[in-house]
Amino acid sequence: MSGVVHDIFVIGGGINGCGIARDAVGRGYSVYLAEMNDLASGTSSGSTKLIHGGLRYLEYYEFRLVREALMEREVLWKMAPHIIRPMRFVLPYAKGIRPAWMIRLGLFLYDHIGGRKLLPATRTLDMRTDPAGKPLKPLFSKAFEYSDGWVNDARLVVLNARDAADRGATIRTRAKVTSARRDGGLWRVTVADTRSGATEEVRAKLLVNAAGPWVDNVLSGSVGQNDVHNVRLVQGSHIVVRKKFSDLRAYFFQNRDGRIIFSIPYEDDFTLIGTTDQDYQGDLAKVAITDKEIDYLCAAASEYFAEPVRREDIVWTYSAVRPLYDDGASKAQEATRDYVLKAEGGHGEPPLVNAFGGKITTYRRLAESMLEKIEHFLGKKGRPWTAGAPLPGGDFPATGFDAQVAALSRDYPFLDARLARRLTRLYGTRAKVLLGDARSLADLGRDFGGDLTEAEVRYLIGHEWAQTADDVLWRRTKRGLHMDATQTAALDAWMRAEVPTAA
């Protein structure tokens with residue numbers, strides 16, 4: 001144990017934990033963050049990849065949440081225009097599910113309550129003539145088109161962590177909190193390295209529990225509280241299939257059971273379909289899509305697409321558990337997506353602040369609310385600052401992505417157009433740090449497949465905490481979709497040699 005006392009210890013390396021760490025260190029607090037697995041290894045990489053207001057939440061009168069989320073869309077886009085981009089959504093009108101007037105009213109509110117400035121407004125489509133109608137069954141003659149945003153969710157987490165670390169925070173991955181106890185006005189937190197087994201004790205003035213689905217486990221296990229039940233665990237699963245349509249727009253499909261799914265262009269060659277909503281009771285370390293969910297998503301999408309979605313079309317699936325605040329809602333899809341922060345301690349007892357619920361779109365606002373709680377206990381330092389501060393690689397105009405791709409291609413003419421675009425989409429201006437002085441593809445080292453080079457993997461190891469092939473292929477990038485088993489095994493063997501602690 002060192003003599004250092006941190007202001008804040010954060011448990012959890014998902015979007016909320018990393019967002020809180022970034023905001024706090026930027027205001028002048030000293031921060032230590034521990035994540036037991038890889039960054040974004042749970043819920044935060046298992047989303048539908050949307051920065052959105054949540055059109056369907058209007059049905060449950062979640063007006064505050066929807067307004068806050070709508071306001072955040074353009075804030076986040078300006079912060080990270082490399083990993084976030086605007087996307088248009090096509091909502092085919094299906095008779096007998098929701099009346100047209102309800103949809104129009106919802107979209108009117110969507111357009112006007114969130115301070116939209118850059119995103120285009122809603123319009124009505126004639127599906128008999130619009131290209132969006134081509135992949136769908138001919139029975140859908142009308143649709144509504146509206147704006148939301150797409151995000152690379154796992155990269156959003158990593159970039160928040162990177163910025164926090166650049167500002168002085170300690171970020172530890174594969175570091176499990178095994179105990180946290182109050183002692184002498186401080187928290188004494190024991191952290192175990194899950195690879196080597198080595199432990200260290202960290203002292204902090206305040207503990208933030210942002211462990212996502214594990215938030216109650218932390219309270220009942222590490223902290224030692226009894227009878228803990230704050231979150232409702234809801235499983236959401238997705239399937240990825242070969243590209244179903246060439247249009248750059250996404251689809252919002254209403255189902256007969258009242259639920260909705262999205263169908264979204266994904267990683268150039270694929271279509272992402274999801275999500276499901278069902279209560280989860282199993283092992284949090286073994287979350288996986290069920291046969292029932294696969295059948296549901298295939299059937300729901302096939303209600304709309306002229307060419308059915310079949311099991312054999314699926315190239316990848318992913319599943320995650322959302323830790324929704326338990327508000328007693330009767331159905332999983334009706335449980336609130338809003339966040340709740342609960343503090344305890346103070347008056348001589350070191351404080352604990354727990355974060356329950358939330359969604360990716362509002363992570364920054366959750367962090368600001370958390371800092372208000374922290375300021376109450378530790379005293380105020382800096383002012384709110386994250387709204388106008390770009391994430392690493394995002395220091396270019398929101399509408400300047402194509403210009404950034406052109407600049408990278410000009411500086412590195414050996415890159416083909418597709419690779420230049422991919423590197424800009426992942427790394428923004430920091431693609432130049434990755435490429436360095438390279439003057440040819442050969443200078444980037446070994447090509448593992450799917451245009452993933454040794455230079456890129458080394459960058460991810462050195463700058464973004466990547467330690468295993470899974471970290472690289474399924475979180476930092478999605479090159480796993482473009483590589484075969486032999487290529488994946490070769491990368492895994494190479495990384496085990498380069499990062500011995502990952503073996």
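In this predicted model, 72% of the contacts between residues at least 6 apart in sequence join residues at least 24 apart. Contact here means heavy atoms within 4.5 Å.

The secondary structure of the protein chain consists of 13 helices and 20 strands. The protein chain is as compact as a globular protein of its length, because its radius of gyration, 23 Å, is close to the 23 Å that the globule rule gives for 503 residues. Along the principal axes, the C-alpha atoms fill a box of roughly 70 × 60 × 40 Å.

Turning to burial and surface, 59% of the 503 residues count as buried. The protein chain exposes about 20,200 Å², and carbon and sulfur atoms supply 50% of that area. As for charge, there are 69 positive and 63 negative charges, and their mean positions lie 4 Å apart.

In soluble globular proteins, nonpolar side chains tend to be buried together. The largest nonpolar core in this model has 49 residues, and Ile8, Val31, Ile171 and Val208 are those with the most contacts inside it. Helix H4, spanning residues 153-166, gives the most to this core, with eight residues.

What surrounds Ile171, leaving aside its neighbours within four places in sequence? Ile171 is in contact with Leu33, Leu39, Ala161, Ala164, Ala165 and Trp465.

Technical notes. Residues numbered from 1 in each chain as written. Predicted model: local features only at pLDDT ≥ 70, side-chain atom pairs only at ≥ 80, totals over all residues. Heavy atoms only, no water. Helix = DSSP H or I, 4+ residues; strand = E, 2+ residues; numbered from the N terminus. Rg over C-alpha atoms; globule rule 2.2 N^0.38 Å. Buried < 20%, exposed > 50% of the residue type's maximum accessible area, 1.4 Å probe, protein only. Areas by Shrake-Rupley, 256 points an atom, 1.4 Å probe, with all protein chains shown as cover. Lys, Arg positive; Asp, Glu negative; His and termini not counted. Charge placed at Lys NZ, Arg CZ, Asp CG, Glu CD. Core = buried A, V, L, I, M, F, W, Y, C linked by side-chain atoms within 4.5 Å.
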